[in-house]
2 protein chains.
Amino acid sequence: MANEQLVESFIKLIESSLSEAFRSDLSQLHTEGDIRTYLADAFLDRERLKEKVDRLSELIHIGYMLSAEVRLKELLLLILDKSKRLMNADRSTIYLVDVDRLHLKSMIATQLEIKEIIIPIDSGIAGACAMTGELINIPEPYSDPRFDKNIDKLTGYVTRNMLTAPLRDKLRNVIGVMQVLNKSGGPFDEEDERLIRLLGSFASVSLENAMLYEAQETMLEKFFESLAAAIDAKDPYTAGHSARVTDISVGIAKEMGIEGEELRQLRFAGLLHDIGKIGVRDEVLRKPGRLTEHERMHIQEHAKQTYEILRRIPFTKSLEGIPHIAAHHHEKMSGKGYPDGLKWHEVPLGSRIISVADVFDAVTSKRPYRDPMPFEKAVDLIENGAGDEFDPEVVKAFKTYAYRELKGQMNAG
Amino acid sequence: MANEQLVESFIKLIESSLSEAFRSDLSQLHTEGDIRTYLADAFLDRERLKEKVDRLSELIHIGYMLSAEVRLKELLLLILDKSKRLMNADRSTIYLVDVDRLHLKSMIATQLEIKEIIIPIDSGIAGACAMTGELINIPEPYSDPRFDKNIDKLTGYVTRNMLTAPLRDKLRNVIGVMQVLNKSGGPFDEEDERLIRLLGSFASVSLENAMLYEAQETMLEKFFESLAAAIDAKDPYTAGHSARVTDISVGIAKEMGIEGEELRQLRFAGLLHDIGKIGVRDEVLRKPGRLTEHERMHIQEHAKQTYEILRRIPFTKSLEGIPHIAAHHHEKMSGKGYPDGLKWHEVPLGSRIISVADVFDAVTSKRPYRDPMPFEKAVDLIENGAGDEFDPEVVKAFKTYAYRELKGQMNAG
């Protein structure tokens, strides 16, 4: 009786604490045990929800970070790092389905690099996940026939539990697999499964975007290369010139510590430096021997033409220097070059680099009216031009690079 | 006394329901009132957490959807729609900071289109948010001096509450503003503020990606245009040829119901169809009068050259037809064209379209040895070629398009 009263008081107390919507729950409670269970569930539910809010918030932050990274290598590193943390795992691996769809490229982060190992698509748990598109949760690998213990034997790593989820593109094709190992505090549960699926969605869409972006960049780059080759090939004596000038320019630039997007801009400017030749008459371009003053004027037009063709292109921020760099590869430090007679630092650094590479390739190439100049003599010629024609800093870097990289090549060829 | 015992029993019951970590909470409880408050808080907390999990899950889904959309227009529509839903709002507007940074472009979704209105950046709440980068929550617009009631007067809309948040790019620059109006069930609260910030992050990064993607595409497109113009300009008689052929080809294609990515591929192929002329000697290209058999062979090389230049480019999926389409614009339905003597459906549809546009532009352009052909005569010529030289379906679409769009232009010009 006293107990019945107690239960009644409990229920009244709870009732007064609950919002309207939940009061009907109380009709289920009859004993002290019922009340205990009801409260325990409510408190546990609250704890789980708190944890869930934390993990979802973390996932949102990670999803944002992944979306913000369009460079493929950096993105892979980010996915590997974030998936490990979010899933409380000890290791994380991404497997990408290869273009042939017969292999997986396994990506493992080692400090700031990515190690790529190619395995057949029908191997292991990752392979099974890639082929079926099903998530695979293995709480006890050593008593699971799907798990191959030999891998642990080879690597010395002890796999205590593993969760493997497919990465799908927008069209739901499997483009890879995300695998996390050894969750701290026991096997992965259903909540982990839900979470890795969501993380996998963000990883997939970001990878897809990065690949699209990279494909677009490659398309542009290969177009520049193909075009440069076509222009050079009009004259058998200049075949391959733009590609060689580009390689030498990149070599000099690296020697000078130029890298990243600036190096890429220089590379493109190198490929495009003679694009203005599209507008120069062949009979002048290919004339054997000395040019008349008028012909010289016409051939000098190609630098202006290069600018005219390139200036119409809305290059993205990191490439916006291309028209100027490409167009000024015939300027001289003395101001006696063309097309604008710019002096010293008025000439973009990239142009100063291409200018050295351009002259070096021209004099060491065969022409109908002369033999190619030997390597040492050509380097001397460049060195003698330092200060008047060329930037001495560029010449210095060129010389170091040329003796290290070009001498052997040229004497062999 | 009885009450003290009751309180003690309550506390014991709660204690047995709580997990270890929360038991210390109980030392704060002394009266029935304390317990009531404690339980009410716990139950309310659970309800709030549940709601939060729901909204975060929805946000994750929306974040994924936004990340997956790289087309700018579609993305804006998606942001407008999803922000309205997630924020329980009646209206949503996106304002993008213009390139001049002096204006905002206001984007309003009207069914499946986007209406753009340009306003000065210092106007209204959106402007204040764009300039300061601060979130602005206005629970009661009509008693808030920052709100301009005239806008409601003009539009007839009654603003009951509004929340305005900045959109920031990866470098934290404000690139726009997201504004939601009239939350159902009262003003926006702190939870809404947190949520719109997170949504704004996803919207910003997706917008930035889409803009980058669009910038890259535009770069490629403008490069094709500039190059085509340079090639055509070598010969004053062909100046503007590639651009005109492209316009006419697009006109025919639209008439045939071609759209989207296929139309874009055709447009690019049109611009690039004569790129192989880079490899053709000028004296042949510009020869007045009839060509010798040998010269004809050489000029026919340009179609092959077009293919050679383009085949090296790893075009993305939706553009991969370009090399074939561009290279086969001189094939004939009879199989007597060049470079490969393809017949009928062996010739890509795009090539069949460009072929008609190419011949029409050639015959209606002036040449040193003949006057331009009048419009009607040129259309007749194309029509007479249907079946033997041209695809009759393409000719039909061309005729409709030409009489509607080209006749007026040409008679005027």
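This note sets out numbered points on the predicted two-chain model above.

1. Basis of the model. The model is predicted, and local features need pLDDT of at least 70, side-chain atom pairs count only at pLDDT 80 or more, and totals for chains, interfaces and linings use all residues. Residues are numbered from 1 along each chain as its sequence is written, while chains are lettered from A and ligands numbered from 1 in the order in which they are written.

2. Overall form of chain A. The secondary structure of chain A consists of 14 helices and six strands; helices (H or I, at least four residues) and strands (E, at least two) are DSSP runs, numbered from the N terminus. The C-alpha trace spans about 120 × 50 × 35 Å along its principal axes. Chain A has a radius of gyration of 33 Å, whereas a compact globule of 413 residues would have one near 22 Å. That radius is taken over C-alpha atoms, and the globule rule is 2.2 Å times the number of residues to the power 0.38.

3. Domains. Chain A is assigned domain 1 (1-68), domain 2 (71-210) and domain 3 (234-412), with bounds from an automatic or database domain assignment. Between the C-alpha centres of domain 2 and domain 3 of chain A the distance is 48 Å.

4. Symmetry. Chain A is superposed on chain B by a rotation of 180° with 0.1 Å of shift along its axis, at an RMSD of 0.1 Å. The two copies are thus related as by a two-fold rotation axis. The superposition is by least squares on the C-alpha atoms of residues with pLDDT of at least 70 in both copies. Of the residues of chain A, Arg46(A) comes closest to the rotation axis, its C-alpha being at 2.4 Å.

5. Interface. The contact between the chains takes 66 residues from chain A and 66 residues from chain B; residues are in contact if their C-beta atoms, placed from the backbone, lie within 7 Å. On the side of chain A, helix H1 (2-17), H2 and helix H6 (190-233) are the elements that give two or more residues. The largest share, 22 residues, comes from H2(A). By class, this side has 38 nonpolar, 15 polar and 13 charged residues. Here Ala, Val, Leu, Ile, Met, Phe, Trp, Tyr, Cys and Pro count as nonpolar, Asp, Glu, Lys and Arg as charged, and the others, Gly among them, as polar. Because 100% of the interface residues of chain A are also interface residues in chain B, the copies meet through the same surface.

6. The axes of helix H2 (residues 32-67) and helix H3 (residues 72-86) of chain A come within 10 Å and cross at roughly 175°. The axes are lines fitted to C-alpha atoms over the stretch in contact, and angles run from 0 to 180 degrees between N-to-C directions. H2(A) and H3(A) are therefore roughly antiparallel to each other, a term used for angles over 145 degrees. H2(A) contributes Glu58(A), Leu59(A), Ile62(A), Met65(A) and Leu66(A), and H3(A) contributes Leu75(A), Leu78(A), Ile79(A), Lys82(A) and Leu86(A). This contact has eight nonpolar, no polar and two charged residues.

7. Backbone geometry. A cis peptide bond joins Tyr338(A) and Pro339(A), with omega about 10°. Pro339(A) is in the loop between helix H11 (322-327) and helix H12 (349-363) of chain A. In chain B, the peptide bond from Tyr338(B) to Pro339(B) is cis, with omega near 10°. Asn88(B), although not a glycine, has a positive phi of about 50°; Asn88(B) lies in the loop between helix H3 (72-86) and strand E1 (91-97) of chain B.

How values were computed: Parallel < 35°, antiparallel > 145°, perpendicular 65-115°, else oblique. Contact = placed C-beta atoms within 7 Å.
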